[in-house]
Amino acid sequence: MNLFKRRDAPKVDADLAIADARKLLERRMAPAARRNFLRGGLTLGGLSLLTGCSISDNEDVEAVLHRISRLNDQAQGWLFDPNRLAPTYPESMITRPFPFNAYYGEDEVRIVKEEGYRLEVAGLVADRHGWTLPELRALAQQDQVTRHICVEGWSAIGKWGGVPFGDFLRRIGADLGAKYVGFKCADDYHTSIDMATALHPQTLLALTYDGEPLPPKYGFPMKLRMPTKLGYKNPKHIMAMFVTNTYPGGYWEDQGYNWFGGS
Ligand SMILES: Nc1nc2c(c(=O)[nH]1)N[C@H]1C(S)=C(S)[C@@H](COP(=O)(O)O)O[C@H]1N2
Ligand SMILES: [Mo]
């Protein structure tokens, strides 16, 4: 249920947004209302009435679509089941080679050195000390073979290992009632996620790929791996994370990609 599916369409796509909003609204309607609704065509104007996102004279379509996207975030948040697990796969199904993707080419992959590296921890947490990689490797680890889905139209199965992120958040005394966890990366990437997903049992602070330390192209020294979210929500080369109640947005999210980004 993602509003904005195309990377090369920086402006939000009205048809996609309407189709998506329609699905969303239908789900929340009584059956009788749904029949009427399906008979009539849905327009941006109609949508604005239904969602309470009014299109005033000086508010452009872009702004309305943005508000619909935020409504979509809220609905996805409500629909997200913190106990439902994403599918896992046998190792024989791993996609080889696993695709590389970033907002730049593979020849520009950021090289982060292990020496001197410390994962910065900030915001609503009790213990803000920075973590070295050996310290993170000493915590209990978990492996998963899951599917990564990119909005650019490909998906691939991979194997990641690392620290269950919920364990890490509890360990650092994070405010688990806060709304967001944000991430800053070694490139100009940044993103943020909802706390329910941060605490999901399959959300991993991934230190390995296919049993080896995460190679630079897949995000050394670490990435956040979430099989319940689309590829762009999974930050690579994490340098800092913070817990906050202030909406942090993200690299693609600020350009119109849906923020919740669940798959
Ligand atoms: N730091 C950083 N993280 C990132 C990106 C990026 O450009 N920079 N791209 C995202 C997107 S759109 C995808 S599909 C995945 C690709 O991860 P992979 O190279 O391991 O396949 O990384 C995500 N995380
Ligand atoms: Mo992606």
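This is a predicted model: local features need pLDDT of at least 70, side-chain atom pairs count only at pLDDT 80 or more; totals for chains, interfaces and linings use all residues.
## Basis

Local features need pLDDT of at least 70, side-chain atom pairs count only at pLDDT 80 or more, and totals for chains, interfaces and linings use all residues. Residues are numbered from 1 along each chain as its sequence is written, chains are lettered from A and ligands numbered from 1 in written order, and side-chain values use heavy atoms, without hydrogens and water.

## Around ligand 1

Ligand 1 has 20 residues around it, each with a heavy atom within 4 Å. P99, N101, D187, N234 and K236 come nearest. The shell holds 12 nonpolar, four polar and four charged residues. Here Ala, Val, Leu, Ile, Met, Phe, Trp, Tyr, Cys and Pro count as nonpolar, Asp, Glu, Lys and Arg as charged, and the others, Gly among them, as polar.

Polar backbone atoms come up to the ligand. One, from P99, is 2.7 Å from an oxygen atom of ligand 1. Another, from N101, is 2.9 Å from an oxygen atom of ligand 1. At N234, a polar backbone atom is 2.8 Å from a nitrogen atom of the ligand. On its own, ligand 1 has 540 Å² of accessible area (Shrake-Rupley method, 1.4 Å probe). The protein covers 99% of that area.

## Cysteines

How many disulfides does a search of the whole structure find? The count is zero, with a disulfide taken as a pair of cysteine sulfur atoms within 2.5 Å.

C150 is buried, at 8% relative accessible area. C185 is buried too, at 9%. Buried means under 20% relative accessible area (1.4 Å probe, protein chains only).

Conventions:
A polar contact is a pair of N or O atoms within 3.5 Å; within protein, one must be able to donate a hydrogen and the other to accept it, and residues adjacent in sequence count only if both atoms are side-chain atoms. Buried means under 20% relative accessible area, exposed over 50%, partly exposed in between (1.4 Å probe, protein chains only).
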